[in-house]
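Trainee: I have a new model open and would like to learn how to read it. Could you walk me through a few features?

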Amino acid sequence: MKKFKAFTLAEVLVTLGIIGVVSAMTVPTLMQNYQRQSYVTQLHKVYNELAQACERYKADNNYVNLKESRLFNNTAGMQEFVKTYFKVVKDCGNRYYNTNGAKCFPQKFKSLDGTHESDMSKGQCMQVATIASGAALCFDSGNIDDAASGEDTNGDGKVDDDDKVHSSNKFGEYDRNAIVMQVEVDINGPKGPNVTGRDIFSLDVRSDGMVYDAAWTDSSTIDTVHAWPMGIGKIIADGWQMTY
């Protein structure tokens with residue numbers, strides 16, 4: 001009779017054991033990378049929607065830039081902007097988390113290292129809404145003071161102290177120049193993990209309509225301690241990858 005070579009039961013069990021060990025070591029990492037990329041994909045979609053909304057808003061109103069608009073320190077103007085240029089599926093008024101009504105954001109979220117927590121039940125913006133993608137957004141005026149422009153902005157034929165532009169206050173060592181709008185976003189609303197830098201971020205809109213992170217520098221470090229929305233600077237700098 002012919003004899004056929006085959007694996008013994010012991011060899012099969014050893015092979016399966018090795019595969020199991022390798023899977024246990026690699027699958028969690030693969031899942032984490034997949035989840036991070038999913039967060040970035042959702043964030044990038046919101047980023048593009050905001051940038052497009054600003055460009056449409058400028059075009060529809062014949063604004064050269066957003067410092068001419070009705071967005072700065074104008075709640076009614078901000079609300080009109082949001083409801084006109086975004087598909088709002090839930091209007092939460094001016095509250096992140098209203099214990100007696102609509103809840104767009106989670107009540108609490110944590111810092112990236114898990115050591116600090118913020119309670120959002122008292123937080124508010126000019127307009128808080130959930131859009132069709134499921135992302136929750138808080139729209140607010142930029143942290144800006146009027147400052148001398150160095151050019152004739154009021155059209156009186158002379159350059160003097162009456163000519164003003166919106167120029168930001170200092171934020172630590174970072175100069176937030178001409179931020180017209182600040183937006184905080186939770187890419188999946190009240191759903192977890194509710195961690196700043198994972199699903200909760202802050203975005204800034206410059207007077208020319210550019211969406212960016214005003215506080216970002218070339219530093220490779222990120223703030224893992226504060227439970228306040230982390231800017232998108234590092235993610236953009238790393239080619240829309242969440243490398244932390």
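Trainee: Is glutamate 80 buried, partly exposed or exposed?

Mentor: Keep in mind that this is a predicted model. Glutamate 80 has 48% relative accessibility, so it counts as partly exposed, because the exposed class begins over 50%.

Trainee: What does glutamate 80 form with arginine 70?

Mentor: The general idea is that side chains of opposite charge can pair when their charged atoms come close. Here the two form a salt bridge, and their closest N and O atoms are 3.4 Å apart. Arginine 70 is partly exposed too, at 40% relative accessible area. Glutamate 80 sits in helix α2 and arginine 70 in the loop between α1 and α2, so the pair ties together parts 10 residues apart in sequence.

Trainee: How many salt bridges does a search of the whole structure find?

Mentor: It finds six. Among them, arginine 206 pairs with aspartate 208, with closest N and O atoms 2.6 Å apart. Arginine 206 is partly exposed at 29%, and aspartate 208 is partly exposed at 33%.

Trainee: Which residues have the most contacts inside the largest nonpolar core?

Mentor: In soluble globular proteins, nonpolar side chains tend to be buried together. In this model the largest such core has 38 residues, and Leu50, Phe81, Phe139, Met181 and Val185 have the most contacts inside it. Elements supplying at least two residues each include α2 and β10, while α1 gives the most, with nine.

Trainee: What is phenylalanine 139 in contact with, beyond its neighbours within four places in sequence?

Mentor: Its partners include Leu50, Phe81, Val82 and Met181.

Technical notes
Residues are numbered from 1 along each chain as its sequence is written. This is a predicted model: local features need pLDDT of at least 70, side-chain atom pairs count only at pLDDT 80 or more; totals for chains, interfaces and linings use all residues. Side-chain values use heavy atoms; hydrogens and water are left out. A nonpolar core is a set of buried Ala, Val, Leu, Ile, Met, Phe, Trp, Tyr and Cys residues joined through side-chain atoms within 4.5 Å. Buried means under 20% relative accessible area, exposed over 50%, partly exposed in between (1.4 Å probe, protein chains only). Helices (H or I, at least four residues) and strands (E, at least two) are DSSP runs, numbered from the N terminus. Contact means heavy atoms within 4.5 Å. A salt bridge is a side-chain nitrogen of Lys or Arg within 4 Å of a carboxyl oxygen of Asp or Glu.
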